[in-house]
Amino acid sequence: MSSPEQWTHPEPREGPAATAAAPTAEQVIAGLRATSEGGPELVQLLTPEGERLENPEFDRYVADVTAEDLRSLYRDMVLVRRADREANALQRQGQLGIWVPLLGQEAAQIGSGRALRDTDMVFPSYREHGVAWCRGISPKEILGIFRGTDHGSWDSNAKRFHPYTIVIGNQVLNAAGYAMGQRFEGKVGDGDSEATMVFFGDGATSQGDVHEGFVWAAVYDAPLVFFCQNNQWAISEPTERQSRLPLYHRARGYGFPGIRVDGNDVLATLAVSRWALDECRHGNGPVLIEAFTYRMDAHTTTDDPTRYRHSDELEAWKLKDPIERVRVHLVRHEHADQDFFDSVQADADELAADLREFCFNMPHPPVNQMFDHVYAEASPFVDAQRDEFLAYQANFAGGEH
């Protein structure tokens, strides 16, 4: 029998909660050497020091990854992080109503996003800016959501990327239904097979919608990859207050495999995601991936993480930075020079400037936009509401209101 202490978060250490606190020498060494962080079953291919680890089970899933591919993954992560930081700053300046940072989770999102085929479908929550990037969705299209000007302007069928879902865990039920449809339509098991991947956080695993999705996907062998980004904190509650077991173990109770991957390792995330998607495409049912990562910033810009976590934890995870380990690996193996890193930085600066210019000059949406795409086909009830609303708006034309 376990003791209650095993499932409770330890009391904070003495000292200030400022995020700028420097780690001790012991913490530095522990951070650099913690290649087994996340437990002995953690899949890791790149250590925090950028060293390549052999893995007989998953190496074959990244055997085709060249030095050019690694540079591309690095560039993706750098640009996505820069877009995230720029959006965070824009919110602080009043240009966005709220922002949901992904800082620290770039490898989990880029690795899984790049594992997807064009025919696969993705159901995000509200933090998957990196996955959206991989699906060809500009950060500009995401800014409109958090400015309140639209609900996601991209064509979800063309991009194979569902609109953001704000209700915690609701996208899992949507994804389960979609994946069941793929199964019923015979899109599983042949050369043109498809799969679905749904993203959610560790906090969402405490929601009933997620578990209902597990049940339906398992019963119908749906080709669905449940991708849980365990960033250690469900807003202000640590993972150990949500589950007695590692989250990936929960899959056992539903009859499908679960696996834990180092979510700060883009190469391992790519490999595990490719494996899981391949399992689903071949009709072997759903898979749960727990990407063991860390949220380096606040839950959203309305959150103050210094109220519930201390700087030593944050500083320890900074030593496992997902971008830095790829950069070190590229340098160590002479796969990239300073000119390459300078060019990526220049691209990031250009992207940030473009996003800022766009946000400051973002046009107001037409007032009738809220009535578009409510249903797949025209509805006389919605049309009547639209006409009534537009007639009401016309009463204010040219007047002060």
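How many residues of strand β3 (residues 224–230) are buried? Seven of its seven residues are, which leaves β3 mostly covered. Buried here means under 20% relative accessible area, exposed means over 50%, and partly exposed lies in between (1.4 Å probe, protein chains only). Strands are DSSP runs of E with at least two residues, helices are runs of H or I with at least four, and both are numbered from the N terminus.

A word on the model before we go on. This is a predicted model, in which local features need pLDDT of at least 70 and side-chain atom pairs count only at pLDDT 80 or more, while totals for chains, interfaces and linings use all residues. Residues are numbered from 1 along each chain as its sequence is written, and side-chain values use heavy atoms, with hydrogens and water left out.

**The chain as a whole**

The protein chain has 13 helices and seven strands. Of its 401 residues, 50% count as buried. Contacts (heavy atoms within 4.5 Å) with a separation of 6 or more come to 75% from residues 24 or more positions apart. The protein chain exposes about 19,100 Å², and carbon and sulfur atoms supply 51% of that area; accessible areas come from the Shrake-Rupley method with a 1.4 Å probe, and for residues only the protein chains shown count as cover.

Two strands count as paired if DSSP finds at least two bridges between them. Strand β2 (residues 196–201) runs parallel to β3 and is joined to it by six bridges. Within this pairing, Phe227 of β3 is the bridge partner of Phe199. Between β2 and β3 the chain passes through helix α8 (residues 208–219), making a β-α-β crossover that is right-handed; that is, with the strands pointing away from the viewer, the path from the first strand over the helix to the second runs clockwise.

Strand β7 (residues 287–292) is also parallel to β3, again with six bridges. Here Cys228 stands opposite Glu290 of β7, a residue that returns below among the salt bridges.

**A patch on the surface and a covered helix**

The patch consists of Phe184, Val215, Trp216, Val219 and Tyr220, with about 510 Å² of accessible area together. Patches are made of residues with over 30% relative accessible area and no salt bridge, joining like charges within 9 Å and nonpolar side chains (Val, Leu, Ile, Met, Phe, Trp, Tyr) within 5 Å. Tyr220 sits in the loop between α8 and β3 and is partly exposed, at 33% relative accessible area.

Helix α5 (residues 139–147) has Pro139, Ile142, Leu143, Gly144, Ile145 and Phe146 as its buried residues. These pack against α2 (67–92), α4 (129–134) and α12 (338–360). Gly148 follows α5 and has a positive phi, near 85°.

**Salt bridges**

Side chains of opposite charge can pair when their charged atoms come close. A salt bridge is taken as a side-chain nitrogen of Lys or Arg within 4 Å of a carboxyl oxygen of Asp or Glu, and the whole structure holds 22 of them.

| Salt bridge | N to O distance |
|---|---|
| Asp59 and Arg52 | 3.1 Å |
| Glu194 and Arg160 | 3.6 Å |
| Glu290 and Arg260 | 2.9 Å |

The Glu290 and Arg260 salt bridge ties together parts that are 30 residues apart in sequence, because Glu290 lies in strand β7 and Arg260 in strand β6 (residues 258–262). Both Glu290 and Arg260 are buried.

Glu194 is buried at 11%, and Arg160 is buried at 13%.

**Toward the end of the chain**

Gln385 is found in helix α13 (residues 380–394) and is partly exposed, with a relative accessible area of 47%. Gln385 and Phe371 are 14 residues apart in sequence, and their C-alpha atoms are 8.3 Å apart in space.
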